[in-house]
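Dear colleague,

Please find the structure below, handed over for your use.

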Amino acid sequence: MKTPGQYGYGPLTLAFADVDHGWLTDTRTLWSTANGGGTWTLTILPVPASVHGQLDVVTAPVVDASGHEAVLVAKYDATPGMDGARGQQIVYRTIDRGTHWTPVKILDDPGVLSFSLDAPTAWVALDPSDPASVQTSTDLGVTWQTTAVRERWPFIAGPISFTDPSHGWMVVSEPPPPCPQVSGAITICDGLFLSVQHLVATDDGGATWHELKP
């Protein structure tokens, strides 16, 4: 059996609940250990019947202070590895250090959905498509509140981090410039231009955002 690090889908990230229990992911697969990393077991997340597609991206778990509870997000779609693919994102929760993972929320992802699970009880999902909206939960996914973004959304959402349902920060990128066309030549623009990035913040749950200047 392959071990962590042999798949190489993406950068490795890890999280530990205590000195024995922890998880590691390469963004496509999730491994767990119960002996401080001495051995690792491939973790298969349960998939609800209403979810279609293959596992595309899985985040490292976010663990609460007690170490017993943790949450993570996994995306499923028909074209794993393709950026911007439509699919579904699931929030999973464990209350036994990862012995069992339970789906607690399923969100349709138009290909641009961003999640913040910086604390096990502060869950935020941002959909910047038209109309842009933010969904938040403070009770482990039992109830959710949707907030409309009250401004035009001209950016591509990047990393997002909320400390509570009201206060959050995000890196946004301006749309890349059009690819210049040269007559008689094949032009490949991927990676040719770096998009301009901005750091923005909100204090009203994502309804409005303001740019932070260094």
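**Findings**

W169 lies in strand β15, which covers residues 168-173; strands (E, at least two residues) are DSSP runs numbered from the N terminus, as are helices (H or I, at least four residues). Please note that this is a predicted model, in which local features need pLDDT of at least 70 and side-chain atom pairs count only at pLDDT 80 or more, while totals for chains, interfaces and linings use all residues. Residues are numbered from 1 along each chain as its sequence is written, and side-chain values use heavy atoms, leaving out hydrogens and water.

**The sheet around β15**

Strand β15 belongs to an open sheet of four strands, ordered β14-β15-β16-β17 with antiparallel pairing. Its edge strands are β14 and β17 (210-211), each of which pairs on one side only. Two strands pair if DSSP finds at least two bridges between them. Strand β14 (residues 156-162) is antiparallel to β15, with five bridges between the two, and a hairpin of five residues connects them. Within this pair, I156 is opposite S173. Strand β16 (residues 197-202) runs antiparallel to β17 and is joined to it by two bridges; here A201 faces H210.

W169 is partly exposed because its relative accessible area is 35%, which falls between the limits for buried (under 20%) and exposed (over 50%), with a 1.4 Å probe and protein chains only.

S116 is found in strand β10 (residues 114-119). S116 counts as buried because its relative accessibility is 1%. Beyond its neighbours within four places in sequence, S116 is in contact (heavy atoms within 4.5 Å) with A122, W123, V124, I160, S161 and F162. The S116 side chain also comes to 2.9 Å from the backbone nitrogen of F162. Between the C-alpha atoms of S116 and V73 there are 9.3 Å, although these residues are 43 apart along the chain.

T33 is located in strand β3 (residues 30-33). With a relative accessible area of 4%, T33 is buried as well. The side chains of T33 and N35 are linked by a polar contact of 2.9 Å; such a contact is a pair of N or O atoms within 3.5 Å, where within protein one must be able to donate a hydrogen and the other to accept it, and residues adjacent in sequence count only if both atoms are side-chain atoms. Leaving out residues up to four places away in sequence, T33 touches F16, D20, H21, G22, G38, T39 and W40.

Yours sincerely
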